[in-house]
Amino acid sequence: MLEIKNLHAKIADTDTEIIRGLNLTVKPGEIAAIMGPNGSGKSTLSYILSGREDYEVTEGDILYNGESILELDPAERASKGIFLAFQYPVEIPGVATMQFLKVAMNEQRKARGEEELKTPDFMRLVKEASAKLQINPDMLKRPLNVGFSGGEKKRAEILQMALLEPKLCILDETDSGLDIDALKIVADGVNALKSPDRAVVVITHYQRLLDYIVPDTVHVLYKGQIIRSGDKSLALELEANGYADIIGEAA
Amino acid sequence: MNIQTTNRLTTAESALLDAYNAQIGDLPGDGAVLSVRDRLLDELKTGGLPTRRIESWHYTDLRALLRAVPAVQPAPSLSAVKPLVSGASVLTLRQGAADAATAPEGVTVRRYADSLVDGTAAEGLREASADDAIGRINGSFVRDGLVLEIADGAELAAPLEIQSLHGAGQVHTRFPVRFGAGSKATVIERHRGEGDEAALVSSISALTLGDGAEVTWIVLQEQGAADTHLGQIRVELGADAKLRLFVVNAGGKLVRQELRITVSGEGSELTLRGVNLLGGDTHTDVTLVLDHNVPHTNSTEIIRNVIFDRARGVFQGMIRVAQAAQKTDAKMACNTLLLSDDADFSVKPELEIFADDVLCGHGATVADIDRNHMYYMMTRGVPEKTARAMLVYAFVAQIVEELEEESLVEALEGIISAWLDRHA
């Protein structure tokens with residue numbers, strides 16, 4: 001589903017290379033965890049996958065279902081089924097959450113040549129999905145992410161994911177700032193989306209989230225490269241020993 | 001040094017004088033009114049239209065910008081437009097002349113022309129200050145308008161909509177409005193030009209709010225693409241009066257909206273909100289002069305501007321707090337979304353504070369669309385163009401939403417969306 005081949009990327013208009021020859025393959029149905037110390041390039045990788053302009057790919061390729069997505073803008077990638085749940089969801093004053101959800105869902109449908117949702121159907125979908133994530137309907141009346149608590153923002157991200165039904169879900173530090181109850185709700189939301197034709201990339205700092213979203217593969221990112229891959233036991237090993245040993249081996 | 005003062009009139013200035021001469025004997029007014037008219041015109045003739053050398057006209061050099069003045073023309077056939085809010089009482093003017101109107105309960109309506117004829121208009125016809133060019137032009141030429149009285153304690157069930165409709169030519173109107181003590185009303189002052197040929201419009205509304213009156217006054221300027229609109233709102237706030245003044249500019253080629261507000265009653269509150277939608281080759285100026293003259297009054301002013309193409313915008317906001325006006329709380333902000341490299345916006349906030357125990361502040365921002373907002377929306381599949389349009393709309397819609405009355409908010413949002421669809 002996702003193949004990243006010898007990817008090199010830098011911050012646009014600078015010489016600061018952040019991703020330095022990264023290789024990674026994620027198969028349909030797989031949950032892949034990417035772990036790594038601060039500054040290893042985890043968030044940058046999520047931005048590059050989603051198509052953020054601030055980064056420039058200088059070498060290598062990203063294939064999604066066998067096709068390069070490097071030339072696609074974020075909206076085109078989204079309509080092909082790539083979704084990024086942000087570490088820090090952006091507050092957008094003046095844009096009503098419900099209206100935004102409706103526009104996003106319908107624009108994706110249009111891009112795929114599907115019919116737009118009728119308002120009652122849309123309302124029903126939102127109501128069902130938000131109930132599962134224990135989202136207060138009042139929250140959806142506010143402008144997008146404005147005045148949401150940290151936990152509400154993360155839940156709102158998962159709500160968008162549930163409604164947009166992407167094929168490749170990238171979760172960037174979705175556990176940060178969540179208490180254990182909120183973490184369970186969010187993890188349940190992600191697990192509910194698990195399916196044989198959908199892949200999830202979980203980017204995280206800590207093993208804690210992986211107790212709830214159990215990965216099939218674990219990859220350690222360091223200085224812009226995957227330096228070690230394994231199964232979920234690798235996450236436990238990191239939790240017990242920290243990154244130092246693995247980094248030492250790779251060096 | 002040899003200074004040559006050439007008193008050469010511009011084309012527009014000559015046209016104004018010619019228009020006045022052509023209408024002598026025809027402009028309504030008793031002796032008192034006519035002598036005020038003559039004096040105002042005389043001052044216009046000797047002083048000329050204001051230039052950038054007059055401080056309050058520095059960013060809008062009317063003498064240079066007003067290239068021509070269209071001749072006075074009879075009204076084309078103009079049909080009333082649907083009121084902004086359904087159920088509103090509509091008072092229509094066509095080419096500056098008021099239709100016969102039935103007043104809703106609690107309101108008395110008189111034609112301004114009648115007050116010119118009987119001379120009761122003479123006092124109010126004078127200019128508001130030495131730099132009041134709009135007052136001079138309007139005072140010289142005004143033929144009609146409406147004199148409204150809202151009775152003490154009257155609460156209007158539905159909004160009142162003044163529709164000033166016109167085609168090419170000249171339109172000069174006045175709306176003296178007195179809101180009685182404790183009255184409550186929403187009034188929409190709507191200016192709408194039809195057709196592509198130029199009109200010169202001047203309009204002055206003079207609002208007096210009695211003690212405890214609560215008023216929402218909305219100025220909706222939707223002039224034609226070739227029109228000049230010279231508007232002025234004069235306001236006097238009584239004790240504990242509350243005024244929400246919304247000014248929406250969504251049309252015109254050359255526009256100046258002057259807001260001259262005097263806060264003269266303790267405990268009163270002013271909420272000024274402005275939305276300027278600017279595009280094409282246009283020039284739009286909103287100039288506020290706000291005097292806090294008594295203690296314990298509040299005001300907030302927020303102006304939001306969206307600028308496309310080669311449009312130019314100006315906001316001058318002068319807040320004066322008199323020495324007696326302790327405990328004044330005044331906050332002014334002007335935020336601009338600059339969406340073209342060829343557009344520009346000038347902001348001149350000024351605070352003159354003579355009292356020592358006040359809270360006054362102002363801020364101005366100029367920005368393009370926030371790239372982080374765009375990126376976030378696009379990652380959800382919203383195409384760039386749609387995301388941009390939503391963000392531009394949100395920037396101004398936030399201001400309109402403060403009105404709270406749903407029907408009014410929806411109507412104004414509809415006008416904003418339609419404008420943005422045409423320009424974005």
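**Exercise 1.** How many salt bridges does a search of the whole structure find over all chains?

*Solution.* The criterion for a salt bridge is a side-chain nitrogen of Lys or Arg within 4 Å of a carboxyl oxygen of Asp or Glu. Over all chains, the search finds 47 salt bridges. This is a predicted model, in which local features need pLDDT of at least 70, side-chain atom pairs count only at pLDDT 80 or more, and totals for chains, interfaces and linings use all residues. Side-chain values use heavy atoms, with hydrogens and water left out.

**Exercise 2.** Determine which parts of chain A are linked by the salt bridge of Lys10(A) with Glu56(A).

*Solution.* Step 1: the closest N and O atoms of Lys10(A) and Glu56(A) are 3.7 Å apart. Step 2: Lys10(A) lies in strand β1 (residues 2–11) and Glu56(A) in strand β4 (residues 55–64), so distant parts of the chain, 46 residues apart, are linked (strands, E, are DSSP runs of at least two residues, numbered from the N terminus). Step 3: Lys10(A) is buried, at 17% relative accessible area, whereas Glu56(A) is partly exposed, at 35% (buried means under 20%, exposed over 50%, partly exposed in between; 1.4 Å probe, protein chains only).

**Exercise 3.** Classify Glu55(B) and Lys348(B) as buried or exposed.

*Solution.* Step 1: their side chains meet in a salt bridge at 3.5 Å, N to O. Step 2: Glu55(B) is exposed, with a relative accessible area of 53%, while Lys348(B) is buried, with 17%.

Definitions and conventions
Residues are numbered from 1 along each chain as its sequence is written. Chains are lettered from A and ligands numbered from 1 in the order in which they are written. Helices (H or I, at least four residues) and strands (E, at least two) are DSSP runs, numbered from the N terminus.
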